[in-house]
Amino acid sequence: MSLSSHRRTYLFILAGIMLLAFFLRVYRLDAYGIWFDEKSTLLVSQGVVLEGANQKDVFDKATTSYFTPQEFWKPKTINDFIEANIRGDIGNSPSYYGLLWIWLKVFGLSDFSMRFFSVIFGILTLPLLYRFVTRHFKLEADQASRLALITCFLAAVEPYFVAQSHIARNYTMTFFLTLLATHVFLLLLEKEAPNNRKAPYRSFALYGLLVALSLLSHYLAVTVFLGHGLFALIYVRKFGTWYRLALTAVLALGLVSLWFIYGGGAYTFFSLDNQAKLYRSIALTNPVNNGFGLILPATVANVFWRSLPVFSDLVIFTNGLAAAVVGYRNFTLALLLGLVAAGLLMRYRRQRQTPAWVKFAFPAVLAIGLPFYSINPAQHLVLSAAVPFFCLMIAAMREDVSAKNRPLLVFLVILALVPTLFLLVMAFRSGHTYGITQRYSGFSFPYVFILVALMLMKITSLRFWFSLPLALVLGVQAVLLTLLLQRIFNDSEPKYSSSPLARKPNPFWESAQKIKAMYAEGDTVLYPSLRRHEYTEIDKIGRNFSVIDAQLVNVYLPKDATYYQRIDPNEPDKIVLIKGRTGQKITIFDLEGMKYRY
């Protein structure tokens, strides 16, 4: 069946959006060295335990005798993978690591290929979002397609999504899986509607499998499925549907429990308990200069201020405002002007004969504060406009979406809020604010994109004396977001980086290339030993020297190489090649303490 001209146009635009997203995600993808969490990704995916608890035959002789890349790369077992996962990532994400292992087997082990795995899921999310919107919103075909394209564009340029695609971690894969599971969940409920025949059991099995894969990609995916359960509690009234959903939950939990019983998940709660005690202690004794970032006690005020940027950055037109809006006077003025502008908009937007003064007053109210803001006037302008933006979002949900789509809107709001609210509850439960971070609640983004897209379509329906000023403010925010993306590409944006800023290319990969080029028979490679901070019982190896630098070089060396290598426990920083014939010492790389150990 041939596609209509409109549909071909929409698919062509979608392809263009995906191309833009691809460029944003691969640009400078491997320009900077991997940081601590990515080191875990790299080693865990190869069944290697950080600090070598499963390589004692290799490294326990490392200060008195030699080891080789061939010994380092001896075949790993499933038990090695489980132990690496336990010690490197608290037993989290086995499905991600398993798929990444296959990916790296096919495409090679490099920083680019490891991070490109995140790019793939970041790109795949876009056509899935398009299908999600066009399938589940009961709108006219053209209107649904336009809503879907705007949603996909927002996902393509969202700084958080771009940043996560530049990181070799499990987040983009989990976002994709949870969105796919949500799509299948809605299809199930549609087939289970009172006037329809019940969905086949294979559809429930598929949903259960997606739930299990999502949870085994990241445990906090559970927040999405809590949203599914809450939605079902509100809208599902058929006992048969509840019965089949219950069987599906048993299937999903059964699959996940296999990992908890026989795999690394058995140590997850033990690890989380130890981490909670550690972070609670830090919050009470050393909340600032502790090596982990700002960790505060979980008071109501602290939780509020820590969650504010998470909520703000979730919506693209308020991204960055939580940090940029400075001073109570600036905030109060911007908010008051925003409330006045919103009042004018909501009062006169549908009036046939808009008073002439309103046409001038609306843009003037938004702009009048610019000379009076003492800092960041552009961001305070955006804050003023954010009030009418949110009013338009609510209006679009009430006026532009038919009654048969109201349950879907409720579902989107639930999924937009539950992941972050869950983090707040857990913060109070654990007594610290360490877990209140965007990457743990990023599951909400796809659903927020849809709500924002509804608002943007609402703006286009306004008369130009309302729509033009709002569009100009969106242009200002677009410039601010472009600058933010530039900082992400330049590795100078702390908001989206848990690593030190201004990194250079991977020093361990660079060292491996130099060793391969310079090593000759009879030479010896010496690795430094700088003890990393051991912060939980599960990390302790019982060895009085560190081997992680040696691990991170060897992972890039040929698997059959027989280079002589050992650890120098008295050298904290330098990787050195000693020439066998002359005894000449050549510094391969000076890590300079923690400067290059990201």
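Two residues are in contact when their heavy atoms lie within 4.5 Å. Keep that cut-off in mind for what follows. The structure shown here is a predicted model.

Start with the whole protein chain. The chain holds 24 helices and four strands. Its C-alpha atoms fill a box of roughly 95 × 65 × 55 Å, taken along the principal axes. How does the radius of gyration fit with what a compact globule would have? For 598 residues, such a globule would have a value near 25 Å, and the protein chain has 27 Å, which agrees. Buried residues account for 55% of the 598 residues.

Next, look at which parts of the sequence meet. Take the contacts between residues at least 6 apart in sequence. Of these, 78% join residues at least 24 apart.

Now zoom in on one pair of helices. Helix 7 covers residues 111-136, and helix 21 covers residues 445-460. The two pack with their axes 11 Å apart, at an angle of about 55°. Angles of 65 to 115 degrees count as roughly perpendicular, and those under 35 degrees as roughly parallel. Helix 7 and helix 21 are therefore oblique to each other. The crossing of helix 7 past helix 21 is right-handed.

Which residues make this contact? Helix 7 brings Leu129, Phe132 and Val133. Helix 21 meets them with Pro446, Tyr447, Phe449 and Ile450. What kinds of residue are these? Seven are nonpolar, none is polar and none is charged.

Note on methods: Residues numbered from 1 in each chain as written. Predicted model: local features only at pLDDT ≥ 70, side-chain atom pairs only at ≥ 80, totals over all residues. Heavy atoms only, no water. Axes fitted to C-alpha atoms, helices over the stretch in contact; angles between N-to-C directions. Parallel < 35°, antiparallel > 145°, perpendicular 65-115°, else oblique. Left-handed = near helix turned anticlockwise from the far one by under 90°. Nonpolar A, V, L, I, M, F, W, Y, C, P; charged D, E, K, R; others polar. Rg over C-alpha atoms; globule rule 2.2 N^0.38 Å. Buried < 20%, exposed > 50% of the residue type's maximum accessible area, 1.4 Å probe, protein only.
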